[in-house]
Amino acid sequence: MGASLLARWTGRSIYDIEPGALARKGVRLLLADLDNTLVPYGVPEPDQALRTWTEALSGEGITLFILSNNRHPQRPRRFSEALGVPYIGHAGKPKTGSFYQAMERMGCTPEQTAIVGDQIFTDILGGNSAGVTTLLVEPIRLAGNPGRYLRYAAEWPFRALSQKRSVTL
Ligand SMILES: [Mg+2]
């Protein structure tokens, strides 16, 4: 089974990621998928919990940076501006271009960078290819699109093995 499809750490949601623990691992840049990772699809604005978590990251010296494959240019732009964090939309994950672009913009190396996302074949594959630490969370909501269930089923073996081997943060 390809190691490139396994996440280094798995959790229920982004709120299982403790900013202080991540900082102690040397992480300074946390790339984050938007849809179904930070908020459900279609939610236009960050909620208070996400704002608080983003501030806690910032307090530990970690920049949150949204890396979204969403093809509607307004969606990641509006959301990131409302949260006050940098972003790249239409990122083309799992291709590594946007990962390197984000690291260059923030002056960080792959060793100082992590990605959190809900999808194996975009977020985790891309993150492993770019040499950053990969953090996998459960999709916030599968309902609403049958394709999401099919994708989740295809991801399942890699998700299960990642869970089994997950490191502690
Ligand atoms: Mg997603």
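How many bridges join strand 2 to strand 3, and do these strands run parallel or antiparallel? The two strands run parallel, joined by 4 bridges. The model is predicted.

**Strands and crossovers**

- Leucine 31 stands opposite phenylalanine 65, a residue of strand 3.
- From strand 2 the chain passes through helix 2 to strand 3, and this β-α-β crossover is right-handed.
- Strand 3 also pairs with strand 4 (residues 87–88), in the parallel sense, over 2 bridges.
- Leucine 67 has isoleucine 88 of strand 4 as its bridge partner.
- A β-α-β crossover leads from strand 3 through helix 3 to strand 4, and this crossover is right-handed.
- Strand 3 is largely enclosed by the rest of the structure, because 4 of its 5 residues are buried.
- In a regular strand, side chains alternate between the two faces of the sheet.

**Magnesium site**

- Asp33 (OD), Asp35 (O) and Asp118 (OD) coordinate the magnesium ion, at 2.2 to 2.3 Å.
- The donor residues follow the spacing D-x1-D-x82-D in sequence.
- Aspartate 35 and aspartate 118 link distant parts of the chain, 83 residues apart.
- Aspartate 35 lies in the loop between strand 2 (29–32) and helix 2 (48–59).
- Aspartate 118 lies in the loop between strand 5 (113–117) and helix 5 (120–130).
- Aspartate 35 has a relative accessible area of 6%, so this residue counts as buried, the cut-off being under 20%.
- Aspartate 118 has a relative accessible area of 1% and is also buried.

**Nonpolar cores**

- The largest nonpolar core holds 23 residues, of which Leu30, Leu38 and Trp53 touch the most other members.
- Strand 2, helix 2, strand 3 (63–67), helix 3 (74–83), strand 5 and strand 6 (133–137) are the elements that give two or more residues to this core.
- Helix 2 supplies the largest share of this core, 3 residues.
- Beyond four places away in sequence, leucine 30 touches residues including Trp53, Leu57, Ile62, Phe65, Val116 and Leu135.
- A second, separate core has 13 residues, among them Ala102, Ile115, Ala130 and Val132.
- Nonpolar side chains tend to be buried together in soluble globular proteins.

Definitions and conventions: Residues are numbered from 1 along each chain as its sequence is written. This is a predicted model: local features need pLDDT of at least 70, side-chain atom pairs count only at pLDDT 80 or more; totals for chains, interfaces and linings use all residues. Side-chain values use heavy atoms; hydrogens and water are left out. Donors are N, O and S atoms within 2.8 Å of the metal (3.2 Å for Na, K and Ca); water is not among the atoms, so sites may look incomplete. Buried means under 20% relative accessible area, exposed over 50%, partly exposed in between (1.4 Å probe, protein chains only). A nonpolar core is a set of buried Ala, Val, Leu, Ile, Met, Phe, Trp, Tyr and Cys residues joined through side-chain atoms within 4.5 Å. Contact means heavy atoms within 4.5 Å. Two strands pair if DSSP finds at least two bridges between them. A crossover is right-handed if, with the strands pointing away from the viewer, the path from the first strand over the helix to the second runs clockwise.
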